[in-house]
Amino acid sequence: MFTGDKYCTPGIRSRIPVYLQNILWYMIETMVVPHKDDLQVFQLEGVYEAGKWKQKIVHSQAQSDYSQSYAICTKSIFTCKIFVIDDRTHCTMLLAEEY
């Protein structure tokens with residue numbers, strides 16, 4: 001799963017920087033689960049830790065229960081929900097409101 005061609009919707013391209021898109025793809029590629037669901041979900045928000053704002057990313061999937069949280073240092077904070085869908089021929093990253 002998630003090995004096909006990768007695409008991003010116009011909403012992702014206009015609102016989410018490429019470095020952050022690449023981090024999300026990497027999180028999918030490196031997750032350790034018995035089965036990767038064809039729908040991956042990322043919730044992005046800011047979190048204040050150790051005197052500075054960080055980008056919090058919660059990565060989850062419904063089937064084969066999985067949830068992992070990350071906090072990374074970035075210059076800009078993004079707040080949104082992102083879906084990544086694998087339809088067996090290609091993978092698409094999109095904002096929740098584009099679904």
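Glu49 has a relative accessible area of 32% and therefore counts as partly exposed; in this classification, buried means under 20% relative accessible area, exposed over 50% and partly exposed in between, with a 1.4 Å probe and protein chains only. The structure is a predicted model, in which local features need pLDDT of at least 70 and side-chain atom pairs count only at pLDDT 80 or more, while totals for chains, interfaces and linings use all residues. Residues are numbered from 1 along each chain as its sequence is written, and side-chain values use heavy atoms, with hydrogens and water left out.

The side chain of Glu49 meets that of Lys54 in a salt bridge, at 3.7 Å from N to O. A salt bridge is defined here as a side-chain nitrogen of Lys or Arg within 4 Å of a carboxyl oxygen of Asp or Glu. Lys54 is placed in strand S3, residues 52–61; helices (H or I, at least four residues) and strands (E, at least two) are DSSP runs, numbered from the N terminus. Lys54 counts as buried because its relative accessibility is 16%. Apart from residues up to four places away in sequence, the contacts of Lys54 include Glu45, Gly46 and Val47, as well as Ala71, Ile72, Cys73 and Ile77, where contact means heavy atoms within 4.5 Å.

A search of the whole structure finds three salt bridges. In one of them, Lys6 pairs with Glu29, and the closest N and O atoms are 4.0 Å apart. This pair links distant parts of the chain, since Lys6 belongs to strand S1 (residues 5–8) and Glu29 to helix H2 (residues 18–30), 23 residues apart. Both partners are partly exposed, Lys6 at 34% relative accessibility and Glu29 at 47%. Lys6 also lies over the face of Trp25, at 5.5 Å from the ring centre; the criterion is that NZ of Lys or CZ of Arg is within 6 Å of the ring centre and within 35 degrees of the ring normal.

A salt bridge also joins Glu97 and Arg15, with 2.7 Å between the closest N and O atoms. Glu97 is located in the segment after S6 and Arg15 in helix H1 (residues 10–15), so the pair ties together parts that are 82 residues apart in sequence. Glu97 counts as exposed at 55% relative accessibility, whereas Arg15 is partly exposed at 38%.

The structure holds two aromatic pairs. Tyr48 and Trp53 form an edge-to-face pair, with 5.4 Å from centre to centre and 65 degrees between the planes. In the pair of Phe83 and Tyr99, the ring centres are 5.6 Å apart and the planes stand at 75 degrees, so this arrangement is also edge-to-face. Phe83 lies in strand S5 and Tyr99 in the segment after S6, so this pair ties together parts that are 16 residues apart in sequence. Phe83 is buried at 15% relative accessibility, while Tyr99 is exposed at 70%. Rings of Phe, Tyr and Trp (its six-membered ring) are paired if their centres lie within 6.5 Å; planes under 30 degrees apart count as stacked, over 60 as edge-to-face and the rest as tilted.

Trp53 is found in strand S3. Together with Tyr48 and Ile77, Trp53 forms a nonpolar surface patch of about 340 Å² of accessible area. Patches comprise residues with over 30% relative accessible area and no salt bridge, like charges being joined within 9 Å and nonpolar side chains (Val, Leu, Ile, Met, Phe, Trp, Tyr) within 5 Å. Accessible areas come from the Shrake-Rupley method with a 1.4 Å probe; for residues, only the protein chains shown count as cover.

Backbone geometry was examined as well. Most residues other than glycine have a negative phi. Ala50, although not a glycine, has a positive phi of about 50 degrees. Ala50 is in the loop between strand S2 (39–49) and S3, and its 79% relative accessibility makes it exposed. Arg88, another residue other than glycine, has a positive phi near 80 degrees. The position of Arg88 is the loop between strand S5 (80–86) and strand S6 (90–95), and Arg88 is exposed, with a relative accessible area of 59%.

Tyr19 lies in helix H2 and is partly exposed at 38% relative accessibility. Beyond residues up to four places away in sequence, Tyr19 touches Thr74, Ser76 and Phe78. Tyr19 and Tyr66 are separated by 47 residues in sequence and by 24 Å in space, C-alpha to C-alpha.
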